[in-house]
Amino acid sequence: MTISPDQIILFELGFWTINATVVVTWGIMAALTLGAWLITRRISDATEISRWQNLLEVLVSGLRDQIAAVSRQRPGRYLPFVGTLFIFILVSNLLHLVPGLIPPTGSLSTTVALALCVFVAVPVFGIAHEGVTGYLRQYMRPTPLMLPFNIISELSRTVALAVRLYGNIMSGTVIAGILLSLAPFVFPVLMQLLGLITGVIQAYIFAILAMVYIASASSVRRGREPASQTEENANG
């Protein structure tokens, strides 16, 4: 039973081996890019808007509210990164609903790459908000003796992000394969429903954890409360 798209070799180019993980991942990125362009090219603030624009506005509004609730900061600066993570993982997880396709998030290489994006984003946002000195000072709180432990914590949570997502998606594929082999006419609908729920939950958890890590590195020093969407729009 194929449980990882890495096992599906499509073709080879010299020393490069192109598997289903690479092809499907790039296909998802192309589809999301094209879809975003098609939806936003005729975006309007009129009363009558398309269903796709309405769906996009609901999604963006929900993401903004979640980011503001978690970070206690204005969500605009974090929305592109966290929103992209959520949408990509969500679409990837739901690919198991398409016959013959295995979600790229069922590959450890994909989940590690996503976790590394978060690993890089944390200091980038932290330094942008706190400055280099302020960000590095966080590793020595409450005392300098905590420096090695804070570094280990930074590395371990990156590993946890990758393994958590990979384990949940991969295990779901294995369980579905076992149940479908035992009772192919009973379990398909139930497993599709379970996979749909699991895919949404795992995308949400990954995005929220990424936001928690970024927010902890961009702590608000002056007690600033999160601004509302109206206030943020008025300010820029």
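Predicted model: local features only at pLDDT ≥ 70, side-chain atom pairs only at ≥ 80, totals over all residues.
## The largest pocket

The largest pocket holds about 670 Å³. Its lining is made up of 22 residues, and L32, I39, L56, L59 and I87 sit closest to the centre.

Where does the lining come from? Helix 3 has the largest share, with 9 residues. As for the kind of residue you'll meet there, 18 are nonpolar and 4 are polar, while no charged residues take part.

## The nonpolar core

Next up is the largest nonpolar core, a set of 34 residues in which V118 and F206 have the most contacts. Six helices each supply at least two of its residues: helix 1, helix 2, helix 3, helix 4 (108–137), helix 5 (147–182) and helix 6 (188–217). Helix 6 gives the most, with 9 residues.

Setting aside neighbours within four places in sequence, F206 touches L85, I89, L114, A115, V118, L161 and L165.

## A look at D6

Now for the start of the chain. D6 lies in the segment before strand 1 (9–13). Because its relative accessible area is 28%, which falls between the 20% and 50% cut-offs, D6 counts as partly exposed.

Which residues does D6 contact, leaving aside neighbours within four places in sequence? They are N19, T21, S107, L108 and S109. Take S109: this residue is 103 residues away from D6 along the chain, yet their C-alpha atoms are separated by 8.5 Å.

Note on methods:
Residues numbered from 1 in each chain as written. Heavy atoms only, no water. Helix = DSSP H or I, 4+ residues; strand = E, 2+ residues; numbered from the N terminus. Buried < 20%, exposed > 50% of the residue type's maximum accessible area, 1.4 Å probe, protein only. Contact = heavy atoms within 4.5 Å. 1 Å grid on protein atoms, 1.4 Å probe; cavity = no way out; pocket = protein on both sides within 12 Å on 5 of 7 lines; lining within 4 Å. Points joined across faces, edges and corners; volume = space filled by probe spheres on them. Nonpolar A, V, L, I, M, F, W, Y, C, P; charged D, E, K, R; others polar. Core = buried A, V, L, I, M, F, W, Y, C linked by side-chain atoms within 4.5 Å.
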